[in-house]
Amino acid sequence: MPKELIRLSNCTMAFDDEVVLDNINLYINDKEFLTLLGPSGCGKTTTLRIIGGFQMPTSGDVFFDGVRINSVPPHKRAVNTVFQKYALFPHLNVYENIAFGLRVPRVEEQKNEMGKVLSRRKVKLSEKEIDQRVMEMLEVVNLRGFEKRRVTSLSGGQQQRVAIARALVNKPKVLLLDEPLGALDLKLRKDMQNELKRIQKAMEITFIYVTHDQEEALAMSDTVVVMDGGKIQQIGTPEDIYNEPKNAFVADFIGESNILDGIMRSDGVVEIFNRQFACLDSGFEKDEPVDVVIRPEDVDIVPENEGQLKGTVTNVTFKGMQYDIIVDFYGFKWLIQTTDLSPVGSRIGIKIDPDGIHIMKKSQYSGMFGDYSSYSEEYEEISDAAYEPGEDGQEDGDEK
Ligand SMILES: Nc1ncnc2c1ncn2[C@@H]1O[C@H](COP(=O)(O)OP(=O)(O)OP(=O)(O)O)[C@@H](O)[C@H]1O
Ligand SMILES: [Mg+2]
């Protein structure tokens, strides 16, 4: 049974009159890898700072292990932070950078069962204990043998690992990581993603991770929290977020999506471009306008006369594993991923299985995303402008 460790309850943060976090409700389980994901300025760092104690919410409460900790300062929370600019001490070697936090005397409090502090004493670790802990951490981050190296002589990825070791050496219950891989190149980033995941599992620490990179979030997390405009848009597993996005913002932000206007004719039947498609969704009002998400990999290309929809290819990009093609259906451009080449200008048909269609409620984000027109403006003249919406639909729209 997962155990709840941290809870943000109705947290709002305003600077002057500008609300940057709007009534955030979120809980984080012990040993969970949770990622805050969203575009620049959506409030990720602010949320992290509230958890770390660097910022007090304007209103709302923060709980740790069931205890309200709004006014507990950062150094008294069982939380440590790794920032994007890892700020190692340049004059200290790797060993001393990691040992630094262990050398600071810590105040240990003796409390009675009511929580009242009876006595306080300063504890200092012995050199032997420090050595043992530092060597343990070097092992965890794969930097055994680097202890004497100056941190300025290390690569970006190695420096990042020192920063992580330094943050973990005090054995925090929670590690906050704010875009820790932002400065690394793509290959190193991928290696470090695996490394971080491994460390988190091995040390059984709760990680709260901030990124604006959706691939990174999907690859690493147990739970993803998608944010926009100071609000949580969706919380779920990577699979939930990808397969069942709650609104057009989430669908667009996570992966590639064609997002179309549809009308829910009945349970399991949605109408797009005057055509009826079978889907698996239900529970909508009859004839309710909806947003329909179709992922580029869920579209099958068939000969034009066999297609549920027929369109013209306006752009082709070779991506190694597949082709990304842009197809114009009645003036709306879709992205389709396919292993078969359909050249620019060709007419194709498409089929979509019921499980390739996902229905969402209309939201403030409707109509803002999910059209790939800008992909292929240079091919505009090739697309078949004479094709009117509904032209096909009236011919054979009642096939189903
Ligand atoms: N101390 C502050 N004073 C005023 N405004 C602030 C302050 N801190 C953050 N903000 C504003 O709050 C909003 C959210 O900022 P935050 O740093 O949380 O975003 P973010 O999601 O971490 O973005 P990024 O991906 O760019 O780091 C921004 O509009 C920012 O300008
Ligand atoms: Mg930030």
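Trainee: Hello! Which residues are exposed on the other side of α5?

Mentor: K187, N194, K201 and A202 are exposed there. Helices are DSSP runs (H or I, at least four residues), as are strands (E, at least two), numbered from the N terminus. This is a predicted model, where local features need pLDDT of at least 70, side-chain atom pairs count only at pLDDT 80 or more, and totals for chains, interfaces and linings use all residues. Residues are numbered from 1 along each chain as its sequence is written, while chains are lettered from A and ligands numbered from 1 in the order in which they are written.

Trainee: Which residues of α5 are buried?

Mentor: M192, L196, I199 and Q200 are. Down the axis of α5, these buried residues fall within an arc of 95 degrees (taken from the directions from the helix axis to the C-beta atoms), so they line one face of the helix. Their cover includes β3, α3, α4, β10 and α6, judged by contacts (C-beta atoms, placed from the backbone, within 7 Å).

Trainee: How do I read a helix's length, say for α3?

Mentor: Compare its span with the expected one (1.5 Å times one less than its number of residues). α3 has 14 residues and reaches 20 Å from first to last C-alpha, close to the expected 20 Å. In α3, the buried residues are R133, V134, M137 and L138. Seen down the axis of α3, they fall within an arc of 140 degrees, so they line one face. They pack against α2 and α4, whereas K128, E129, Q132 and E139 are exposed on the face turned away.

Trainee: What surrounds ligand 1?

Mentor: Its shell (residues whose C-beta atom, placed from the backbone, lies within 6 Å) includes F15, V20, K44 and H212. Helix α1 gives the largest share, 3 residues.

Trainee: Where does pLDDT stay under 50?

Mentor: Over residues 376-400, for which the model has 28 contacts beyond four places in sequence. pLDDT is the predictor's confidence in each residue, from 0 to 100. Where pLDDT is low, the predicted coordinates should not be read in detail. The protein averages 89, and 94% of the residues score at least 70.

Conventions. Contact = placed C-beta atoms within 7 Å. Buried ≥ 20, exposed ≤ 12 C-beta atoms within 10 Å, placed from the backbone.
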